[in-house]
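Here are some notes to go with the model you are about to open. Have it on screen while you go through the points.

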Amino acid sequence: MPGTKESKWVVLWRKFAMTGLGVLCPEIMTTTAVGQWVRARQCVQDFNENLEEELAKLQESQQPAGAEKSSIGEKEIWTMQMAYFADMGGFRLHTKNGDEFPLDAKQIYYLTTKGYIKQPIYRPRLIDDKNKVDVLLRTIILCQISWFLISVIGRWVQRLFVTTAELTTVSFILCRFVTSEITKAFICKADFLQHSTVTAGFWWHKPADVVMAEIIKVDVDTDTILDKAGIGPEERDEWRMTPLDFVSRKEWWWSRVWWNFLNILRKMHFKFGSGGRPTDRLADSCQHPLGRRELYMVILMSTVCFSVFFTAWKHDFPTWYELMLWRAASIALMVMLYMLIVIYEVLRAVDRVQQRTEQWRQRHFSTHQSPRSDTQHSRLRSTKYYRRIAELFTRIDKALNCVRNNSPDGDKDLSVPLRVLAPVYVMGFFYCASRTYIMIADILELRSLPPGAYATVKWEKFWPHLG
């Protein structure tokens, strides 16, 4: 959702940048969609399981004796559409002291359970009116991509020439369609048919192109909310997006790497979020935390998408060099994908070892140093050689800190260790290079297509009655 002060050209430029990112790195967009779906699903569970009881207690304490109870829980049940609408900044909070900033679903749940606001009344027509993409349009798109998949399969069965551009398109479709279907079923621990027949993607219930947000007014100021949350005056300025970051903000290793990359793009004038404080909009490119099961399912489905490129292992390219480069790019994509798993598991193992080592040190060692060691260190520090070495290492450390944390405000929660940042950027370079060549090869192949590329599928061979 755009900010209140953004022009239509800024919104158009951001859509163009996100489209380019989706073409170059579709797996990142899939990861974003999965994270948003997991977050929205959890918020719906929190509301529908706990909010009715909390609101009933609050209503009993505020109503006079003998007054009739209203069935709040029956009228205001949250759905996935409502959670998506909230997480994209569909609600803005207006406090008593004049502060205004967007809210996500978790923050709305927190303010509601604490009694600051009532749960926003869910009116389906309200969000449907703001949504620019309805079920009919999404169904038509789903039918179009399904027909394209059927056509490519038909060409392959009848031994017709399939271009690399068609294979790349199939990979994009699988990244959007197959990942959504199969991964949702495994994440939900439910029957696959229940989900594959009802929804076509993680963003099926997400409103599109919403411009105006709903206003939520409260009769308290921001400081009162923070005071009751146990946040002292010295900690109130440590938030990054909104004063309610303590409710829902949770950075993980991939989101830190992602913000590091976005900060580089920001210096190149590619802005994906609002630079104000508090933020004027919630960025749609935020990488929400994924569990181990969700991450591995995304990796598995990305493997299926990358496997499409290996079907052109013996493809009839115009030159032998193009064939070798295609093979190298296909292998590089698969290797980079599974290197990501290695980094993920190594980070988990390192964190566990560091925690156990720190616990062992606290049990077996004290922090007291002998006078002899203090004297030796003081003599060493007094030497000119030591001061020069210390100054050199200080400068190097400052330079590396700018790489570890390149956020404009130096947010400590966005610091990334070099042991994570260096291999990820190296992998990202080979990934982008491989993706770029695949798109270039799709265009170069058009210069010399064989006659079989122009043949159409004879559907009467599959269904004779069509002939």
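1. What volume does the largest cavity have? About 470 Å³. Before going further, note that this is a predicted model, where local features need pLDDT of at least 70, side-chain atom pairs count only at pLDDT 80 or more, and totals for chains, interfaces and linings use all residues. Residues are numbered from 1 along each chain as its sequence is written, and side-chain values use heavy atoms, with hydrogens and water left out.

2. A search of the whole structure turns up three cavities of 30 Å³ or more. On a 1 Å grid over the protein atoms alone, a cavity is a set of points where a 1.4 Å probe fits but cannot get out; a pocket is an open set with protein on both sides within 12 Å along at least five of seven lines; lining residues have an atom within 4 Å of a point. Points are joined across faces, edges and corners, and a volume is the space filled by probe spheres set on them.

3. Who lines the largest cavity? It has 25 lining residues, with Arg39, Asp104, Leu282, Cys286 and His288 nearest its centre. Two or more residues each come from helix 2 (26-62), helix 4 (80-87), helix 12 (245-248) and helix 13 (253-267). Helices (H or I, at least four residues) and strands (E, at least two) are DSSP runs, numbered from the N terminus. By class, this lining has eight nonpolar, seven polar and 10 charged residues. Here Ala, Val, Leu, Ile, Met, Phe, Trp, Tyr, Cys and Pro are nonpolar, Asp, Glu, Lys and Arg charged, and the others, Gly among them, polar.

4. Now look at the second largest pocket, with a volume of about 800 Å³. Of its 33 lining residues, Cys25, Ile28, Trp254, Gly428 and Tyr431 are closest to the centre. Which helix gives the most to this lining? Helix 18 does, with seven residues. The lining divides into 28 nonpolar, four polar and one charged.

5. On to the rings: the whole structure holds 16 aromatic pairs. Rings of Phe, Tyr and Trp (its six-membered ring) pair if their centres lie within 6.5 Å; planes under 30 degrees apart count as stacked, over 60 as edge-to-face and the rest as tilted. Phe310 and Trp313 are stacked, because their ring centres are 6.0 Å apart and their planes are at 15°. Trp320 and Tyr321 have centres 5.4 Å apart and planes at 75°, so that pair is edge-to-face. Ring pairs also link Trp252, Trp253, Trp254, Tyr296 and Tyr344 into a cluster.

6. Are Trp320 and Tyr321 buried or exposed? Trp320 is exposed at 54% relative accessible area, and Tyr321 is exposed at 60%. Phe310, at 29%, is partly exposed, and Trp313 is partly exposed at 32%. The cut-offs are under 20% for buried, over 50% for exposed and partly exposed in between (1.4 Å probe, protein chains only).

7. Last, the strands. Strand 1 (residues 91-94) runs antiparallel to strand 2 (residues 100-103), joined by four bridges; strands pair if DSSP finds at least two bridges between them. These two form a hairpin with five residues between them, and Gly98 in the turn has a positive phi of about 95°. Strand 1 also runs parallel to strand 3 (residues 214-217), again with four bridges. Phe91 stands opposite Leu103 in strand 2 and opposite Glu214 in strand 3.
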